[in-house]
Amino acid sequence: QVQLVESGGGLVQPGGSLRLSCTASGSGFSIYTMGWYRQAPGKQRELVAAITSGGSTNYADSVKGRFTISRDNAKNTVYLQMNSLKPEDTAVYYCNSNYVNSRDIRYDYWGQGTQVTVSS
(Lines give C-alpha, C1' and ligand atoms only; values in the text may rest on other atoms or scores of the structure.)
Protein backbone atom coordinates (compact mmCIF):
# COMPACT_ATOMS: atom_id res chain seq x y z
CA GLN A 1 0.00 0.00 0.00
CA VAL A 2 1.24 3.47 -0.89
CA GLN A 3 0.15 6.68 0.77
CA LEU A 4 0.72 9.97 -0.98
CA VAL A 5 0.76 13.39 0.64
CA GLU A 6 0.76 16.53 -1.49
CA SER A 7 1.79 20.02 -0.53
CA GLY A 8 2.56 23.34 -2.15
CA GLY A 9 -0.77 24.48 -3.53
CA GLY A 10 -2.18 27.92 -2.99
CA LEU A 11 -3.24 31.19 -4.56
CA VAL A 12 -0.96 32.81 -7.11
CA GLN A 13 -1.30 35.63 -9.61
CA PRO A 14 -1.24 34.98 -13.35
CA GLY A 15 2.33 34.63 -14.53
CA GLY A 16 3.47 33.41 -11.14
CA SER A 17 5.00 30.11 -10.06
CA LEU A 18 4.29 27.32 -7.63
CA ARG A 19 6.00 24.05 -6.81
CA LEU A 20 3.95 21.07 -5.76
CA SER A 21 5.48 18.21 -3.82
CA CYS A 22 4.21 14.71 -3.24
CA THR A 23 5.85 12.37 -0.77
CA ALA A 24 5.12 8.66 -0.77
CA SER A 25 5.21 6.33 2.19
CA GLY A 26 6.24 2.73 1.94
CA SER A 27 8.89 1.01 -0.09
CA GLY A 28 9.34 0.62 -3.80
CA PHE A 29 8.95 4.26 -4.74
CA SER A 30 11.63 4.05 -7.39
CA ILE A 31 9.73 1.48 -9.46
CA TYR A 32 6.54 3.51 -9.69
CA THR A 33 5.51 5.83 -12.45
CA MET A 34 4.53 9.08 -10.76
CA GLY A 35 2.10 11.59 -12.15
CA TRP A 36 0.21 14.76 -11.49
CA TYR A 37 -3.42 15.06 -12.52
CA ARG A 38 -5.79 17.95 -12.13
CA GLN A 39 -9.52 18.43 -12.00
CA ALA A 40 -11.25 21.75 -12.49
CA PRO A 41 -14.88 22.29 -11.46
CA GLY A 42 -17.24 20.65 -13.92
CA LYS A 43 -14.42 18.96 -15.82
CA GLN A 44 -12.92 15.51 -15.92
CA ARG A 45 -9.65 14.73 -14.23
CA GLU A 46 -6.80 15.03 -16.69
CA LEU A 47 -3.16 14.05 -16.76
CA VAL A 48 -0.83 17.01 -16.39
CA ALA A 49 2.56 15.31 -16.31
CA ALA A 50 4.12 11.95 -15.57
CA ILE A 51 7.59 10.56 -14.96
CA THR A 52 8.54 6.91 -15.21
CA SER A 53 10.91 5.00 -12.98
CA GLY A 54 13.55 5.54 -15.66
CA GLY A 55 13.03 9.28 -15.72
CA SER A 56 11.09 9.60 -18.97
CA THR A 57 8.53 12.36 -18.87
CA ASN A 58 5.40 13.36 -20.71
CA TYR A 59 3.22 16.41 -20.45
CA ALA A 60 -0.20 17.61 -21.46
CA ASP A 61 0.05 19.95 -24.43
CA SER A 62 -1.46 22.75 -22.37
CA VAL A 63 1.46 22.79 -19.93
CA LYS A 64 4.44 21.97 -22.15
CA GLY A 65 7.20 24.51 -21.71
CA ARG A 66 5.68 25.84 -18.49
CA PHE A 67 5.58 22.85 -16.10
CA THR A 68 8.38 20.48 -15.15
CA ILE A 69 7.98 17.17 -13.34
CA SER A 70 10.91 15.64 -11.46
CA ARG A 71 11.51 13.02 -8.83
CA ASP A 72 13.94 12.37 -6.00
CA ASN A 73 13.93 8.66 -5.26
CA ALA A 74 16.08 9.13 -2.17
CA LYS A 75 13.31 11.28 -0.69
CA ASN A 76 10.37 9.32 -2.11
CA THR A 77 9.17 12.60 -3.56
CA VAL A 78 7.91 13.86 -6.89
CA TYR A 79 7.71 17.54 -7.76
CA LEU A 80 5.77 19.65 -10.19
CA GLN A 81 7.32 23.03 -10.92
CA MET A 82 4.68 25.28 -12.44
CA ASN A 83 5.74 28.52 -14.11
CA SER A 84 3.86 31.15 -16.10
CA LEU A 85 0.64 30.08 -14.48
CA LYS A 86 -2.65 30.94 -16.14
CA PRO A 87 -6.16 31.19 -14.73
CA GLU A 88 -7.05 28.05 -16.67
CA ASP A 89 -4.52 26.14 -14.56
CA THR A 90 -6.83 26.57 -11.60
CA ALA A 91 -7.82 23.12 -10.34
CA VAL A 92 -7.32 20.56 -7.62
CA TYR A 93 -4.03 18.80 -8.36
CA TYR A 94 -3.69 15.14 -7.46
CA CYS A 95 -0.56 13.08 -7.13
CA ASN A 96 -0.70 9.59 -8.61
CA SER A 97 1.53 6.59 -8.23
CA ASN A 98 1.10 3.55 -10.41
CA TYR A 99 2.79 0.40 -11.52
CA VAL A 100 1.94 -2.65 -13.58
CA ASN A 101 2.82 -6.04 -12.14
CA SER A 102 3.97 -9.16 -13.98
CA ARG A 103 0.31 -10.05 -14.67
CA ASP A 104 -0.32 -6.71 -16.35
CA ILE A 105 -2.49 -5.58 -13.47
CA ARG A 106 -2.18 -1.87 -12.87
CA TYR A 107 -2.23 -0.50 -9.35
CA ASP A 108 -3.07 3.15 -8.80
CA TYR A 109 -2.69 5.22 -5.66
CA TRP A 110 -3.89 8.78 -5.18
CA GLY A 111 -3.17 11.65 -2.88
CA GLN A 112 -5.89 13.77 -1.31
CA GLY A 113 -5.36 16.67 -3.69
CA THR A 114 -4.13 20.22 -3.30
CA GLN A 115 -5.89 23.32 -4.57
CA VAL A 116 -4.13 25.62 -7.02
CA THR A 117 -5.87 28.91 -7.77
CA VAL A 118 -4.51 31.35 -10.33
CA SER A 119 -6.22 34.69 -10.01
CA SER A 120 -5.47 38.38 -9.76
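In what order do the elements of the chain run from the N terminus on?

1. The model considered here is predicted. From the N terminus on, the order of elements is β-β-β-β-β-β-β-β-β-β-β. In other words, the chain contains 11 strands and zero helices.

2. Overall dimensions come next. A compact globule with 120 residues would have a radius of gyration near 14 Å, and the chain agrees because its own value is 14 Å. Taken along the principal axes, the box that the C-alpha atoms fill is roughly 45 × 30 × 25 Å.

3. Of the 120 residues, 41% count as buried. Among contacts in the chain with a separation of 6 or more, 53% are between residues 24 or more positions apart.

4. The side chains include 11 positive and 8 negative ones. The centres of these two sets lie 2 Å apart.

5. How many disulfides does a search of the whole structure find? The search finds one. This disulfide joins Cys22 to Cys95, with an S to S distance of 2.1 Å. The pair links distant parts of the chain, 73 residues apart: Cys22 belongs to strand S3 (residues 18–24), and Cys95 belongs to strand S9 (residues 91–100).

6. Two further details concern this pair. Both Cys22 and Cys95 are buried. The disulfide is left-handed, because the torsion about the S-S bond of Cys22 and Cys95 is about -80°.

How values were computed
Residues are numbered from 1 along each chain as its sequence is written. This is a predicted model: local features need pLDDT of at least 70, side-chain atom pairs count only at pLDDT 80 or more; totals for chains, interfaces and linings use all residues. Side-chain values use heavy atoms; hydrogens and water are left out. Helices (H or I, at least four residues) and strands (E, at least two) are DSSP runs, numbered from the N terminus. The radius of gyration is taken over C-alpha atoms; the globule rule is 2.2 Å times the number of residues to the power 0.38. Buried means under 20% relative accessible area, exposed over 50%, partly exposed in between (1.4 Å probe, protein chains only). Contact means heavy atoms within 4.5 Å. Lys and Arg count as positive and Asp and Glu as negative; His and the chain ends are not counted. The place of a charge is taken as NZ of Lys, CZ of Arg, CG of Asp or CD of Glu. A disulfide is a pair of cysteine sulfur atoms within 2.5 Å.
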